[in-house]
Amino acid sequence: MHDDRILVEARLKRVLEERIRPAVYPESVPLDVAVWHAPGEPVAVAEGLAADVEPIETGTRWGAPWGTSWFRITGTVPPAWAGRTVEALLDLGFDENMPGFQCEGLVYRPDGTPVKGLNPRNQWVRIGAPVEGGEEVRLHIEAASNPVILDYHPFLPTQLGDRETAGSEPQYRLERMDLAVFDETVWQLVMDLEVLGELMAELPVESARRFDVLRAVVRALDALDLQDIGGTADAARERLTEVLSAPAAASAHRISAVGHAHIDSAWLWPLRETVRKVARTTSNMTALLEDEPDFVFAMSQAQQWAWVKEHRPEVWARVKEAVAEGRFVPAGGMWVEADTNMPGSEAMARQFVYGKRFFLDEFGIESDEAWLPDTFGFAAGLPQIIKAAGSKWLLTQKISWSQINKFPHHTFQWEGIDGTRIFTHFPPVDTYNCSMKGSEIAHAAANFKDKGVARRSLAPTGWGDGGGGTTREMVAKAARLRDLEGSATVVWETPREFFTKAAAEYPDAPVWVGELYLELHRATLTSQAGTKQGNRRSEHLLREAELWAATAAVRTGLPYPHEDLDRIWKTVLLHQFHDILPGSSIAWVHREARATYRRVAEELGEIIENAQRSLAGEGTTRLLFNSTPHTRDGVPAGGAGTPRSAGEVALASRAQGGYVLDNGRLRVEVDGRGLVVSAYDLTAEREAVAPGSAANLLQIHPDFPNMWDAWDVDEFYRNTVTDLVDVDDVVPGEDGVSVRIVRSFGASKVVQVLSLAPDAPRLDIDTEVDWHETEKFLKLAFPLDVHAERYASETQFGHFYRPTHTNTSWDAAKFEACNHRFVHIEEPGWGVALVNDTTYGHDVTRTVRDEDGGTTTVVRVSLLRAPRFPDPETDQDVHRFRHAMVAGGGIADAVREGWRINLPQRRLTGAREVAPLIGVDEDAVVVTAVKLADDGTGDVVVRCHEAHGGRTRATLTAGFDVASVAVVDLLERPLHGEAAPSRDGNRISLRLRPFELVTLRLRRV
C-alpha cells in the first residue's frame, strides 16, 4: 500500500479547523452588551452589579491597564432553539495563546452568584441543556484588563508593570458576544479526532497501530458531509469506535492526572489581582467538578484559599462543598509556594506551620506532600523541615528547566543535610500546565527515567496563572486516554493517591543527597535587593519579637501578642513567594513589598520595645538585650545585662599610603585605593589575603542574559570585568578608628566604612551604594590565601558544602549559589568566614599562583543587578549592606558571627537584668525560636538544632518551673513514639546528631 500519511494528516488538520470546529456552534445570535468602567481599584461585587452601564458594541476597544470593567450581557434565547443546548460565547478580546497572561473575567448572575471564569481557552457559559426557548439571559462580567507584560517578543522593558506608570490606553478589543447552539455530538467528534490525530503523530511510522488509526480517521472523514457536519457527526464517530476502544498494553506507562492551576501569588500582576485570579479559577473548577464526575482538582497555597474565604465568600461556599466531596483537594501544606533557597530556618518551618494548620482548621485535612512545581531549586535543609511538619512527599517540576545537566531520576529519595529522606517526584511530562495533548502524554512516557522499576508518574493538568485551570476539553481527552492502545494510561487521582501508589511500587528508589540545584534563574538570588533586605530583616525581627514577648509573658504577665504575630508571620511568608522574594515580579509588586516591610519593621519594633521595657522596668542601669543564640559581650543568649568592657581598636597611617587597623587580634592594612591588602591574624600569625591581591574589591560586569532578565545570569558575564579601584576619598571615619572610602563609577556612588570589632578578628564592612546602572552586576571580592576543595554555605538549620573546583559539569553549573548568613572556607584548623546581613548570591573560584604554588580562593558577594524586565527601574535606589570578614575561625565562628551581624545590639536603661527564659550550655546547639504555643495554653515552645555538623550533647535550662516536656512536630503536636528527653527539674538533656532539628514543648507549672 502506498504511504499516504502526510496527505491524510493534512486533510485531518484542514477539516478540523475549517469545518468541524466551527460546527460545534452551528447557530448564533448577538447579545446586547453594556459596560461600566470602575474608577481606580476593583470594587465590591454588589457595587459592580448595581453600577450604571452604557451600551458598547463589539469591536470597541476597552480597558485601561489594570482597570476593571463591569459588562452587562442581556438577550433572549430564540424559541426555535427549544430542546437544544445553548451557551453564551463571551470573548473579551482574548488571545488563545496567552491563557493567564492577559484579560480575564468572572461571570455572575444578577443575584451575585458566581458562575465561572472567562479565559482565553474557556470562553463559554452554559445557559441551558436543553432550553425551552424564550428564556431571558442576563449575566454580568467583572472583567480585568490586565496588560500583557510577557509578550510575543519577550523581555522587552515596559512601563506597564505598575499602575503608576502604565498610562490609560485601552488594552483590548471586545470581540464575540453571542448566544449559540452547542452541538455536543460535533464537539465529541472534535475530541475523538484530536486525541487520535495527536496519538498518531507520536506513534512510530513502522507501527501497525499508527496505520490502524490512520485508516479509521480516513473512514471517519469519508463519512462526514462537509456541508452537514452536525447531521453526519454521529456516523463519523461510529467509524472511530474500534480504534478508540482498543486497550492499552499491560506495560503502558501510568499517568495520574491531577487537575491543577498553578497561580503565582504575584508575578506579572500585583497581589490584589491574584485574589481575583484565584476566585475566577476556583469558580471554574467547582463548575467543572459538577459536570465531570471523574475529575479531581488540587490547589496549593493556603494563602490563596484564605483570599477566597475573605474576599469571595460566595465562591468559598462552593469550594467548601467540593472539598467535602473529596474532589477539590488542598495540596502542599504551605502558606505559599515559596522560594526555598533564601527563606531562613524559622520562616521555612512556618511556611508549613501556617499552611498545614489552615487546611486542618478549615477542613480537617492534613496534606502529606509538599507541592512546589515552580520553585527555583531546593535547599539541602528542606527534607527534615518537610518531615518535621508531618509530611513525607515532595513534588516539583522546575528542575526539568536546568540548562546543562539532565537530572537522572523522576522518582527518588531526596536526602537532606541531617540524613532525612523524602520521597520525591518530578513529573516527566515536563510541565505543570499539562493540557492532555498527545505529545505531552507521549513525552511523559518516553522521558520517564525509572522505567523497568517504576511505571507511574503525575501530570498537573490545567492552565495556570489565571488561565482558568482544567478545561472540559482536557477532561474529555483524559477519558479517551484512560485505556487506549499506543498511549500511556490516564486516570484522575489526588496527589495522595498517586504518592501512595508510587511509593509502594518503588520502595527502593535511588537516593539523591544534597541540594536540588536549578541550573537556571541564578540571578534571583540578587535581583530586587530591597525586597531581599526586607525579608531578612523581618525574619530576625520576628525572632526578637517572639523571644522577648514570650519572656515578658512568663516573667511579667505581659499579654502575648498571638494575633499580631500570626498576622505578621503570614505577611512575611506571603512575600517569600517564588516570584516576590526572588525579585522576578513587576515593579508594582516590589514597590508594595518595600512598603509592607517598612510597616512590618515598625510594628515588630513596637512589640520588641514593649516587651523589653516590661522586662527591664524603670531605672538607670544600662542594659544590653542579647537576641542572638550565643553569649555576647558577657550577656547570655536570650538575656539582658550589663555588657563587659570591649577592647580597643587603633587606627594608624600606613607608610605606603592608606591606614592600618589593629585590635590586637587582627591587623588590617587598607591601601590608598581603599582596598584591603592585608588581614593578618595575629594569634595564628597568618595572612588571610592572597599575595598580590586585594580584598574589599568592588567589581562590575555587564549583565545581559539570553533570556529571563531578572531571573538569569549567564556564565559569560564573567568574560568582562572592571575592577573599581579608582577612589574619590580614603579618610578616617567619624569615630576616629575606622576608614571611610568613597568611589564613583558610571552614574553611581559607593561609600564604605571599614572597621574592626574591638573583641574579635573581624573586619566589618558597611557599604552604601547609590545605584543608577543599567544591565550591570556588582560584586564584592575577597581573594583569600586558603587551599580548599570545598566551602560551607549556610542553609536552613545547618550548612552544606559545595566544591570550589569545576571537575564536572554539575560543579561548573553552580557558578552562582545561595547562602544565608555565612560562607566559610578553611584549611584544617584555620579558616575565613564571610558573613552578611542581607545578601544571598555569591560565587567561589580558585586558582593556583605561579609565584609560590599557593592557592588563591576568591569569595565574591553579589550586591546588585540592574535588569530591565519585568521592572525597568530595578534597584535604582540607595542600598545599604553589612558584611564582615572573620579571619582564623572555624564553622563555630561563622555561625556565631552570622547571627551577630543580623541581630544588632539593643540597648536601653532599666531597673534589672533579665535572665534567659531558655539557656543552652553548648554553642553547637542553636536555638532558632522561643515562643508561646500557638494554641494559647501558655506552654513555651523551643526550637533548636545542631549547627556545627557533629554529634553533640547539651543541657537546655528553662528559666521557669517546668511541669513536663515533650518532643513535638512543627505544628507543636506530640511526636508518637518519640520519648521525652530526660529532665532534672528545669534542666533538659539533649543528644543531637549532625544538623538535627528538635522542637520541644514545655508545660509550665
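**A walk through the model**

Start with the whole structure: a search for disulfides (cysteine sulfur atoms within 2.5 Å of each other) finds zero. You are looking at a predicted model, where local features need pLDDT of at least 70, side-chain atom pairs count only at pLDDT 80 or more, and totals for chains, interfaces and linings use all residues. Numbering runs from 1 along each chain as its sequence is written, and side-chain values use heavy atoms, without hydrogens or water.

C103 is buried (under 20% relative accessible area, with a 1.4 Å probe and protein chains only) at 0%. C944 is also buried, at 0% relative accessibility.

Next, select the open sheet of nine strands, ordered β32-β33-β34-β35-β44-β41-β40-β37-β38 with antiparallel pairing; strands are DSSP runs of E, at least two residues, and a pair needs at least two bridges. Its edges are β32 (729-732) and β38 (798-803), each pairing on one side only. Zoom in on β41 (830-836) and β44 (878-887), which pair over five bridges. Here V832 stands opposite A887.

Finally, move to helices α10 (345-363) and α16 (562-574), whose axes come within 10 Å and cross at roughly 105 degrees. That makes the two roughly perpendicular (65 to 115 degrees). Which residues of α10 meet α16? Select E346, A347, R350, Q351 and Y354 in α10, facing L565, D566, W569, K570 and L573 in α16 (contact means heavy atoms within 4.5 Å).

Definitions and conventions
Helices (H or I, at least four residues) and strands (E, at least two) are DSSP runs, numbered from the N terminus. Buried means under 20% relative accessible area, exposed over 50%, partly exposed in between (1.4 Å probe, protein chains only). Axes are lines fitted to C-alpha atoms, for helices over the stretch in contact, and angles run from 0 to 180 degrees between N-to-C directions. Angles under 35 degrees count as roughly parallel, over 145 as roughly antiparallel, 65 to 115 as roughly perpendicular and the rest as oblique.
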